[in-house]
Amino acid sequence: MLSCQEASYLVSESLDRKLRLWQRIKVRLHLLMCRLCSRFRKQTLFLRDAARYYLMGAEESETAVDIGLSPEARDRIKRSLQSDPS
Amino acid sequence: MAHVRRAYSKGTITREDEPMNKKPLETPSHPPDPTTWVDQHGDFLFRYALSRLGNRAVAEDFVQETFLAALRAGKSFSGRSTERTWFVGILKHKIVDHLRQQSRERPVSAVNSTEEMGADLFGKSGSWQVKPAHWPGDPEEVLEKKEFWEAFRHCLEDLPRRLRTVFSLREMDELPTDEVCEAMQVTPGNLGVLLYRARMGLRRCLEINWFDTQTEAS
């Protein structure tokens with residue numbers, strides 16, 4: 001029987017590699033019985049979705065993150081593009 | 001992957017084909033004007049670089065390098081989103097190269113074993129010490145809230161640098177595990193531990209800084 005610590009670790013691992021059959025079975029059994037670890041699994045999957053949409057979301061006007069190039073950097077980069085010999 | 005895109009495609013967050021559809025295609029022979037790149041894509045690329053490098057000056061340099069490399073490659077692109085994808089591709093490549101080099105120069109100290117990690121979150125018997133709380137709200141709606149993204153960014157920046165980098169490469173850039181290992185110069189076992197810690201940290205931080213505040217409000 002897996003502990004929650006072991007189960008949560010395997011849940012995280014399952015997002016990065018295919019678990020062995022016996023690991024998958026053990027995790028599934030644990031999740032069937034453990035509300036907290038099921039919750040953890042759902043939340044980790046949510047984090048993955050959120051991460052993939054992070055930049056896209058940040059780009060939409062409504063969710064725009066107020067971080068950008070400084071005016072100086074902007075000018076510097078423009079100048080470098082204009083003066084690039086190629 | 002497919003199910004993820006579908007799951008949130010109703011929301012306003014998806015932008016993929018929009019600019020392409022709205023904007024008539026420009027003639028490919030149209031010479032690119034690199035200075036407009038800076039205004040159109042500069043901030044986006046800067047945020048991208050900053051979230052992975054964690055340093056403004058370094059991130060600015062990477063944006064500049066990306067545009068210069070694009071200029072030298074001398075292609076022109078018809079749609080804004082294609083152009084952006086192209087820039088992101090160049091930038092991503094440069095960042096991964098940079099991280100790989102950095103990890104070579106400063107080898108990572110050994111990562112603790114699986115048994116040791118997350119010890120503060122679990123009791124002696126391996127049961128949850130800090131129990132994952134119920135997260136209120138529909139995930140789709142949560143992802144459309146500005147305040148959520150602010151909390152997300154804050155929590156990401158709060159992670160120790162190495163965890164943040166590993167998480168970004170794996171979950172934002174969607175690099176395969178072996179490529180993340182190569183870039184960070186860690187073994188697959190170590191990577192598993194780092195990702196677990198990053199997910200644990202981010203999960204807990206969002207719980208405190210976003211989801212708990214939602215429960216109180218409702």
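Tutor: Let us begin with Arg100(B), whose side chain makes a polar contact with the side chain of Glu182(B) at 3.2 Å. Please keep in mind that this is a predicted model.

Student: Okay, where is Arg100(B) in the chain?
Tutor: Arg100(B) belongs to helix H5 of chain B, which covers residues 80-105.

Student: And what does Arg100(B) touch, not counting residues up to four places away in sequence?
Tutor: With those set aside, Arg100(B) touches Glu182(B), Ala183(B) and Gln185(B).

Student: Where is Gln185(B), then?
Tutor: Gln185(B) sits in the loop between H9 and H10 of chain B. Its backbone deserves a look: phi is positive, about 55°, although Gln185(B) is not a glycine.

Student: Why point that out?
Tutor: Because most residues other than glycine have a negative phi.

Student: Switching topic: how many residues does each chain give to the contact between them?
Tutor: Chain B gives 76 residues and chain A gives 49 residues. The area buried between chain B and chain A is about 5800 Å², and carbon and sulfur atoms give 63% of that area.

Student: Which three residues supply more than any other three to the area that chain B buries?
Tutor: They are Arg47(B), Trp149(B) and Arg199(B), which supply 12% of the area that chain B buries against chain A.

Student: How many salt bridges are there between the chains?
Tutor: There are nine salt bridges between chain B and chain A. One salt bridge joins Arg76(A) to Asp61(B), with the closest N and O atoms 3.8 Å apart.

Student: How many residue pairs are in polar contact between the chains?
Tutor: The count is 22 residue pairs in polar contact between chain B and chain A, with both residues at pLDDT 80 or more.

Student: Which elements of chain B are on that side?
Tutor: Several helices give two or more residues to the side that touches chain A, among them H1 (2-8), H3 (34-53), H4 (56-73) and H10 (188-217) of chain B. H3(B) gives the most, with 13 residues. By type, the residues on this side of chain B divide into 37 nonpolar, 15 polar and 24 charged.

Student: Can we zoom in on H10? Which residue there has a polar contact with Gln43(A)?
Tutor: Arg203(B) lies in helix H10 of chain B, and its side chain makes a polar contact with the side chain of Gln43(A) at 2.7 Å. Leaving aside neighbours within four places in sequence, Arg203(B) is in contact with residues including Phe40(A), Gln43(A) and Leu47(A), as well as Trp135(B).

Student: Is Arg203(B) buried or exposed?
Tutor: Arg203(B) counts as buried, because its relative accessibility is 3% and the cut-off for buried is under 20%.

Student: What about Glu207(B), where is that?
Tutor: Glu207(B) is also placed in helix H10 of chain B. Its relative accessible area is 1%, so Glu207(B) is buried. Not counting residues up to four places away in sequence, Glu207(B) touches Gln43(A), Lys131(B), Pro132(B), Ala133(B), Trp135(B) and Asp212(B).

Student: How much of chain A is buried?
Tutor: Of its 86 residues, 58% count as buried. Chain A exposes about 4600 Å², with 55% of it supplied by carbon and sulfur atoms.

Definitions and conventions:
Residues numbered from 1 in each chain as written. Chains lettered and ligands numbered in written order. Predicted model: local features only at pLDDT ≥ 70, side-chain atom pairs only at ≥ 80, totals over all residues. Heavy atoms only, no water. Contact = heavy atoms within 4.5 Å. Buried area = accessible area lost by both parts, 1.4 Å probe. Salt bridge = Lys/Arg side-chain N within 4 Å of Asp/Glu carboxyl O. Polar contact = N/O pair within 3.5 Å; in protein donor to acceptor, adjacent residues only side chain to side chain. Helix = DSSP H or I, 4+ residues; strand = E, 2+ residues; numbered from the N terminus. Nonpolar A, V, L, I, M, F, W, Y, C, P; charged D, E, K, R; others polar. Buried < 20%, exposed > 50% of the residue type's maximum accessible area, 1.4 Å probe, protein only. Areas by Shrake-Rupley, 256 points an atom, 1.4 Å probe, with all protein chains shown as cover.
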